[in-house]
Amino acid sequence: MSKTFECHKISEGQAKGEVLISTDDFCFYLVDPQTGVVIEKNHCLYGQSIAGKILLFPNGKGSSVVQTDGMFQLKMKGTEPKALVIQNPDTTLVASAILMEMPMVDRLEPEFYQTVQNGDLAELDATNGVLKLLGREERE
Amino acid sequence: MKLTAQEQAMLDGEYGTGVQLAMKVQVAVGESYDAPYMVPITRAHVALSNQEADLWFVEKLVNGGAVCRVRPTVNPSFNWEQFKEFTTLEAEDEEIVRRTHEAYKKIGAIMTYNCTPYLEKNVPRFGEITAFSESSATPFVNSVYGARSNREAAVSALCAAVTGVVPYYGYLLNENRRGQILVEVEAEMKSDFDYQLLGYCTPKKTGFKLPVFSGLKNPGKEALMNLGAQLNTGGNVAMYHILGFTPEAQTMEAAFQGKEPEAVVRITQEDLDIMRGELTDPYGKIDFALFGCPHLTIDQIATVAGMVQGKRLAVPLFIMTSSLSYVLAEKMDYMRIIREAGGWIVSDTCMDQPCWKFLYGKKGVTDSPKCAYYTRRRQMQFVITELENAVTAALEGEITL
């Protein structure tokens, strides 16, 4: 069963991949660029890889420099997420996503957050503001 | 967004690809905040970082023909000449720092290499619209001076310096400068370090809401620097008010713009004590001491000099400061005193730079939680405590409770 949600484009592009949900705010600098694994102590994704995922998180965090560099290093190593779905944009995160050409959207309705689960397959068309959840059974 | 003819021409590439990219970033930021238009800036500070993405971006702008319309001051990288006195730099690290230097010079930046521009060289007036990146700088200009800056990224501040404008959103609007949560500080606030803890602790209770502190008595510039830097590192909070102290919070009425606080929270001594315990690595033997995140002021350098005068440090001690404070430290003999004790003062340098490789894998003492936060990636451990305690630890080679 697939389900389609509207969203608001911040940074254009398309992506299809597995959803990974962070309930904590996210700093790309505290990720190991070699592996894409989160190295921030006490983070809910500590020890998990964000590489190739459609990453959901509420807010960015970290100083005005490190988000961009963190994302850049992941991109150089090919361990970056495929797309970002966020709740509250901030200047650093928006500028970084544009420069790194990383699709990013926000303004998903509450129902999306009630429906989506870790591991769901999702198809994002950021340019046109559409996010499709393909569910788990269609993953194979 | 509604753009002027000139802004549209920038976006269309008529001023070259560098200016075009800068405007593209700013329009995207503006649109994500539903900004109606752009407004001119008169000051900017760019958190130059000398990291790969930083160099990549500034060279891309320079190669695209961009020159800053508003010349920004810049954050530290590292002073390769001073470092050669006590360590060996890797060729690739020196190359990147020199390349960054050249690119920023070309784009028209003023090469201050200092993360406290708001104390010297780039001091805005009340109400001035600016683009300040750097986590200690944005809160300082917003809160202490009442100037207006959003929480700019290093890259968006550079884009603003190039285009001379910023999207009109966020802290540029009166209504977004309204205090939201009253934070009653019941802790004693004995030292500047307590303001570091307060800054780290507050977002845990207030989220990303704009805090209004009550109960703070005449904090000095170091305390204010610390409070802002940690608020902005621990959360994304680039503005605060202090009741009866900062310019937009002379009264409750002014601070909350006539509304009621959305909530009232209390911060006690116990909260700060718990925070202190969470931030620090375990006490014990240390290998070095490192200060200056943000850059130490000349007064803080004087404190260190006073404590080590005529003594011998058990472990090396490093102080990062501005080039002005560096020259002052020479003139005022602090440099000689600290050098004779076995310590070093460096200018133009940030903690988060590859010049510190000789400390990787070691354990240090510092007064800055922010310093320790970013060095997780460098396999460095830090005991975090008051400046005075940390200097004592450097004299003794260990720190005990």
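A crossing of two helices is right-handed if the near helix is turned clockwise from the far one by less than a right angle, and left-handed if the turn is anticlockwise. In this predicted model, helix α2 of chain A passes helix α2 of chain B in a right-handed crossing.

- The buried residues include A:Thr92, A:Leu93, A:Ser96 and A:Ala97.
- A:Glu101 follows α2(A) and has a positive phi, near 50°.

**The contact between the chains**

- Chain B gives 28 residues to the contact, and chain A gives 24 residues.
- On the side of chain B that touches chain A, the elements that give two or more residues are α2, α3 (52-63) and α7 (154-163) of chain B.
- By class, that side of chain B has 12 nonpolar, nine polar and seven charged residues.

**Helix α12 of chain B**

- Helix α12 of chain B covers residues 298-308, and its buried residues are B:Gln300, B:Ile301, B:Val304, B:Ala305 and B:Val308.
- An α-helix has 3.6 residues a turn, so residues three or four places apart point the same way.
- B:Asp299 and B:Gly306 are exposed on the other side of α12(B).
- After α12(B) comes B:Gly310, with a positive phi near 75°.

**Helix α12 against helix α14 in chain B**

- Helix α14 of chain B runs over residues 334-341 and packs with α12(B) at an angle of about 45°, with the two axes 9 Å apart.
- Angles under 35 degrees count as roughly parallel, and α12(B) and α14(B) are therefore oblique to each other.
- The crossing of α12(B) and α14(B) is left-handed, whereas that of α2(A) and α2(B) is right-handed.
- From α12(B), the contact takes B:Ile301, B:Ala302, B:Val304, B:Ala305 and B:Val308.
- From α14(B), the contact takes B:Tyr334, B:Ile337, B:Ile338 and B:Ala341.
- By class, the contact of α12(B) with α14(B) has nine nonpolar residues, with no polar and no charged residues.
- Four of these residues, B:Ile301, B:Val304, B:Ala305 and B:Val308, meet α14(B) and are buried.

**B:Val383 in strand β15**

- B:Val383 lies in strand β15 of chain B, which spans residues 381-384.
- B:Val383 is buried, because 23 other C-beta atoms lie within 10 Å.
- Leaving out residues up to four places away in sequence, B:Val383 touches B:Thr280, B:Asp281, B:Tyr283, B:Ile286, B:Val365 and B:Ile399.
- B:Val383 and B:Val97 are 286 residues apart in sequence and 29 Å apart in space, C-alpha to C-alpha.

**Backbone details in chain B**

- The peptide bond from B:Cys293 to B:Pro294 is cis, with omega near 0°.
- B:Pro294 is in strand β11 of chain B, residues 288-296.
- B:Met189 is not a glycine, and its phi is positive, near 55°.
- B:Met189 is in the loop between β6 (181-185) and α8 (192-206) of chain B, and B:Met189 counts as buried because of its 21 C-beta neighbours inside 10 Å.
- B:Gln257 is not a glycine either, and its phi is positive, about 50°.
- B:Gln257 lies in the loop between α10 (252-255) and β9 (263-267) of chain B, and B:Gln257 counts as exposed because of its 12 C-beta neighbours inside 10 Å.

Technical notes: Residues are numbered from 1 along each chain as its sequence is written. Chains are lettered from A and ligands numbered from 1 in the order in which they are written. This is a predicted model: local features need pLDDT of at least 70, side-chain atom pairs count only at pLDDT 80 or more; totals for chains, interfaces and linings use all residues. Helices (H or I, at least four residues) and strands (E, at least two) are DSSP runs, numbered from the N terminus. A residue is buried if 20 or more other C-beta atoms lie within 10 Å of its own, exposed if 12 or fewer, and partly exposed in between; C-beta atoms are placed from the backbone. Axes are lines fitted to C-alpha atoms, for helices over the stretch in contact, and angles run from 0 to 180 degrees between N-to-C directions. Angles under 35 degrees count as roughly parallel, over 145 as roughly antiparallel, 65 to 115 as roughly perpendicular and the rest as oblique. Two residues are in contact if their C-beta atoms, placed from the backbone, lie within 7 Å. Ala, Val, Leu, Ile, Met, Phe, Trp, Tyr, Cys and Pro count as nonpolar, Asp, Glu, Lys and Arg as charged, and the others, Gly among them, as polar.
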